[in-house]
Amino acid sequence: MSEITARLTIEMPEPSGYGASELKDFINKNTLRGFLITLGLTIILLLIYVFAVQSSSGAKAAPKMAPLAKVRLDDLAPQTNEAMEAPPPVQQIVNTGPAARAGNPIPVPDAQITAEMKDFATIDVMSRASSAGGDGLDLGGFAANIDLGERVVVQTRVEEPAPDAFIPVEKEPGVDLAKLQKIIKYPELARRAGVEGKVIIRVLVDEKGKARRQLIEFSDNELLNQAAMDAVNDYGTFTPAIQNAQPIMCWVSIPIQFKLR
């Protein structure tokens with residue numbers, strides 16, 4: 001037994017001298033080396049990328065130029081008659097309107113229809129047609145015989161007040177009663193019948209002093225009414241009513257006396 005034990009004696013290797021401290025140094029050195037190699041490759045790739053971008057942008061910025069051909073003026077070929085021929089005149093197109101005429105159709109006998117009469121404009125071209133009709137070439141404009149520079153005065157119609165309407169005014173319409181009495185023409189029938197009396201006429205005086213309407217408000221005798229209305233018509237211009245310092249249309253009652261001398 002002791003012999004076998006002696007034969008199985010294990011030989012231990014000698015210590016290699018490579019421990020944890022050496023392994024740590026080895027890792028640090030290789031880590032630093034790997035970092036430097038990676039950094040160098042990254043810088044090289046960035047430089048390649050920048051160079052490629054600048055090359056492509058420079059290629060785009062420089063447009064393709066047409067080939068230049070230098071020609072001396074003293075080497076120009078003489079012009080031929082064909083080259084010196086005048087260009088054709090420019091055809092001027094005038095934007096005209098429809099040939100049809102604007103207006104309301106009026107029926108006429110066939111015998112009165114002439115070849116020069118133009119058709120009436122339809123609704124879609126009515127606003128561009130003239131009363132006489134255009135020249136037959138409609139390019140979407142107004143008829144050539146429409147005077148676009150003519151000034152159109154649009155008058156606004158003032159609504160007439162009712163005879164019994166209350167209108168606050170600073171000054172009522174004025175009338176010279178003495179002048180009105182002088183222009184009265186006494187009715188002959190009333191004169192023969194010895195009719196006398198008073199007629200009150202309600203007169204609508206507009207802002208220009210014109211009597212626009214009138215009605216009998218009171219009358220002692222109908223034989224006197226027409227003479228009173230004729231006197232108002234022959235009076236002329238009244239003084240218009242004033243409202244807010246402006247003349248306005250207003251009603252006024254005017255008494256007229258009929259008395260035989």
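Student: What makes S2, S1 and S5 a sheet, and in which order do they lie?
Tutor: They form an open sheet of three strands in the order S2-S1-S5, with antiparallel pairing; two strands count as paired if DSSP finds at least two bridges between them, and S1 and S2 pair over seven bridges, in the antiparallel sense. The strand and helix names refer to DSSP runs (helices H or I, at least four residues; strands E, at least two), numbered from the N terminus. Before going further, note that this is a predicted model, in which local features need pLDDT of at least 70 and side-chain atom pairs count only at pLDDT 80 or more, while totals for chains, interfaces and linings use all residues. Residues are numbered from 1 along each chain as its sequence is written, and side-chain values use heavy atoms, with hydrogens and water left out.

Student: Why are S2 and S5 called edge strands?
Tutor: Strand S2 (211-219) and S5 each pair on one side only. From one strand to the next, the twist averages 25 degrees, and an example of a bridge is that of Ile-200, whose partner in S2 is Phe-218.

Student: How is H5 placed relative to S1, S2 and S5?
Tutor: H5 lies across S1, S2 and S5 and runs at about 150 degrees to S2, where axes are lines fitted to C-alpha atoms, for helices over the stretch in contact, and angles run from 0 to 180 degrees between N-to-C directions.

Student: What makes a group of residues here a nonpolar core, and which of them have the most contacts inside the largest one?
Tutor: A nonpolar core is a set of buried Ala, Val, Leu, Ile, Met, Phe, Trp, Tyr and Cys residues joined through side-chain atoms within 4.5 Å. The largest has 20 residues, and those with the most contacts inside it are Ile-201, Val-203, Ile-254, Ile-256 and Phe-258. Strand S1 (197-205), helix H5 (225-235) and strand S5 (250-258) are the elements that give two or more residues to this core, and the largest share, five residues, comes from H5.

Student: Which residues does Ile-256 touch, apart from its neighbours within four places in sequence?
Tutor: With contact meaning heavy atoms within 4.5 Å, the partners of Ile-256 include Leu-180, Ile-184, Val-199, Ile-201, Ala-228 and Val-232.

Student: How do you know that Arg-128 and Asp-138 form a salt bridge?
Tutor: The definition asks for a side-chain nitrogen of Lys or Arg within 4 Å of a carboxyl oxygen of Asp or Glu, and the closest N and O atoms of Arg-128 and Asp-138 are 3.1 Å apart, so the pair meets the definition.

Student: What makes the salt bridge between Glu-160 and Arg-212 a tie between separate parts of the chain?
Tutor: The closest N and O atoms of Glu-160 and Arg-212 are 3.6 Å apart. Glu-160 lies in the loop between H2 and H3 and Arg-212 in strand S2, so the pair ties together parts that are 52 residues apart in sequence. Glu-160 is partly exposed at 28%, and Arg-212 is partly exposed at 35%.

Key:
Buried means under 20% relative accessible area, exposed over 50%, partly exposed in between (1.4 Å probe, protein chains only).
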